[in-house]
Amino acid sequence: MYLGIDIGTSAVKLVCVDSSRILETSSVSIKTSSPKPGWSEQHPDLWWQATRDALGQLSKQTKLSEVKAIGLSGQMHGAILLNRDLRPIRPAILWNDSRAARECDELRTTLPEIGQIAGVLPLPGFTAPKITWLKQHEPKHYAQLAHILLPKDYIGLRLHGELGTDTSDAAGTMWLDQATRGWHAGIAEATDVALDWLPQVFDGHSVVGTVTAQAATETGLKPGTPVVAGGGDAATGAVSLGATEPGRGFISLGTSGQLFVADRSYKPNPERYVHAFAHTLPDRWYQMAAMLNGARPISWIGSQLELSAAEVVALAETASRDRVPVFLPYLTGERSPHGDPHIRACFFGLEDSTTRADICRSVVEAIAFCFADAAQSFGGTIEDLPELAAIGGGSKSDLLLRLIATVTGKPIVRSAGADSGPAYGAARLAALGLGALERTDLAVQPPSTDRFEPADLAPLFERLTRFRQLYKAVRLTE
């Protein structure tokens, strides 16, 4: 039995698997703090406590002593800042934090070639510009800085005591030279980072350490259990779907959203904010459009209307199709394809007759429209893909998957356990690391349970056109 631990933005998810299927799952919710506009933070110790709680849940269903190896997955780009005692200096600055916008502009000027090296142009969500911001705005914290980790790697530290990461999570920091898959000294220097602050980089299936006696006492895991490096949630989600080879792609509908296409070579396209990153497996890369606003707007409107996410989607199904307003879902700015940390959400076309159902429908449609923009930004790269698989909590919605299929022109397939994708992928990397799986096994696609074909919906495409026009109009007023 192999364990996958995924440190998400809204929850820590765990799965236990054998070599081919999910056996048991558990999940513990976590909250994000926004102490100032544009800020998004979580304390790393919240992740550790949630991991321990989720393991406690899992221990009621299965024997943790039977776990043979552990794989890690997590939200990418977060800055976990540690002192020499390996303790967090401050709360982690997350992927959807926009405070370092000015630092990104400065970095582009200092290193005009950075997009070709790092695979994407600087954006405030990435780890590197956050350190420049820290030096300028929190010099006392910067003076204590001795180590930098990514979210999943902090859990690794608590489990095995080592400082390590994998190639895919390293790729999302902006410090990685994507072509050589090693830290880039010039980018580190330009962002006020010493190379010895950065962790060792491993392939995702490589064992970084084993569960310590202290961690075993705190978690119930068996001491000495191997822990592999794992991957950022995009890469481990890909592993869960067999998207490790060219011709494979998927969409992820978590708090954020991704459109991911696997490849055997490094193909940067920074001008359209398509990320070209190292995969968690050796000799593999991927291209990805990354949207800050995946399924998150559904939970946001649900909180405003006192509805669950499922109730929002159900209400959206009942909306009048001829009077749906247009919603820009950019609650925390946007990454792909706009690279715009300043844009914010808004409704357009509200009337006296607008209902709650119409509002819910406009929010769900807006998420699909973001994927339409993402697909367009790839150019011809995704034309030959026969279909896109779907993972993440938002993949539970038939309506949303139908809409995305329609506006992207690509069939969308859903497989069993799609909402546990990254954790499942991490567990499979653990199995690979111990030799229970072969590399070729990770390229096998799971059987699909549902398929959603593109439909001919003229009013939907009319609203997509207005959606794009609205962004341009609002953007011009910034």
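Author: A residue is called buried under 20% relative accessible area, exposed over 50%, and partly exposed in between, with a 1.4 Å probe and protein chains only. The model is a predicted one, in which local features need pLDDT of at least 70 and side-chain atom pairs count only at pLDDT 80 or more, while totals for chains, interfaces and linings use all residues. Residues are numbered from 1 along each chain as its sequence is written, and side-chain values use heavy atoms, with hydrogens and water left out.

The structure contains 28 salt bridges, a salt bridge being a side-chain nitrogen of Lys or Arg within 4 Å of a carboxyl oxygen of Asp or Glu. One of them joins the side chains of R87 and D45, with 2.6 Å from N to O. Because R87 sits in the loop between β6 (80-82) and β7 (92-93) while D45 belongs to helix α1 (residues 44-59), this pair ties together parts that are 42 residues apart in sequence. Helices (H or I, at least four residues) and strands (E, at least two) are DSSP runs, numbered from the N terminus. With a relative accessibility of 35%, R87 counts as partly exposed, and D45, at 25%, falls into the partly exposed class as well.

The bridge between K152 and D169, whose closest N and O atoms are 3.0 Å apart, connects two helices: K152 is part of α6 (residues 151-160) and D169 of α7 (residues 167-171), so parts 17 residues apart in sequence are tied together. Here K152 and D169 are both buried.

A further bridge, between R451 and E387, has an N to O distance of 2.6 Å. This pair links distant parts of the chain, with R451 in strand β24 (residues 448-452) and E387 in the loop between α13 (356-377) and β22 (388-391), 64 residues apart. R451 is partly exposed at 42% relative accessibility, and E387 is partly exposed at 22%. Elsewhere, salt bridges that share partners draw E41, R90, D97, R99 and E138 into one network.

Strand β24, which holds R451, leads on to the sheet. It belongs to an open sheet of seven strands with mixed pairing, in the order β18-β19-β17-β16-β22-β23-β24. Since β18 (274-278) and β24 stand at the edges, each with a single partner strand, one side of each is left without a neighbour in the sheet. On average, neighbouring strands of this sheet are turned by 30 degrees against each other, direction ignored; axes are lines fitted to C-alpha atoms, for helices over the stretch in contact, and angles run from 0 to 180 degrees between N-to-C directions. Two strands pair if DSSP finds at least two bridges between them. Strand β16 (residues 249-253) runs parallel to β22, to which three bridges join it, and I251 has A390 in β22 as its bridge partner.

On a 1 Å grid over the protein atoms alone, a cavity is a set of points where a 1.4 Å probe fits but cannot get out, and lining residues have an atom within 4 Å of a point. Grid points are joined across faces, edges and corners, and the volume is the space filled by probe spheres set on them. The largest cavity holds about 90 Å³; among its 13 lining residues, P124, G125, L292, E334 and P341 are the closest to its centre.

The second largest cavity, of about 40 Å³, brings us back to α6, the helix of K152. Its lining consists of L72, D153, G156, H160, G164, V208, V227, V228 and A229, and the elements that give two or more residues are α6 and β14 (226-228). The largest share, three residues, comes from α6.

Conventions:
On a 1 Å grid over the protein atoms alone, a cavity is a set of points where a 1.4 Å probe fits but cannot get out, and a pocket is an open set with protein on both sides within 12 Å along at least five of seven lines; lining residues have an atom within 4 Å of a point.
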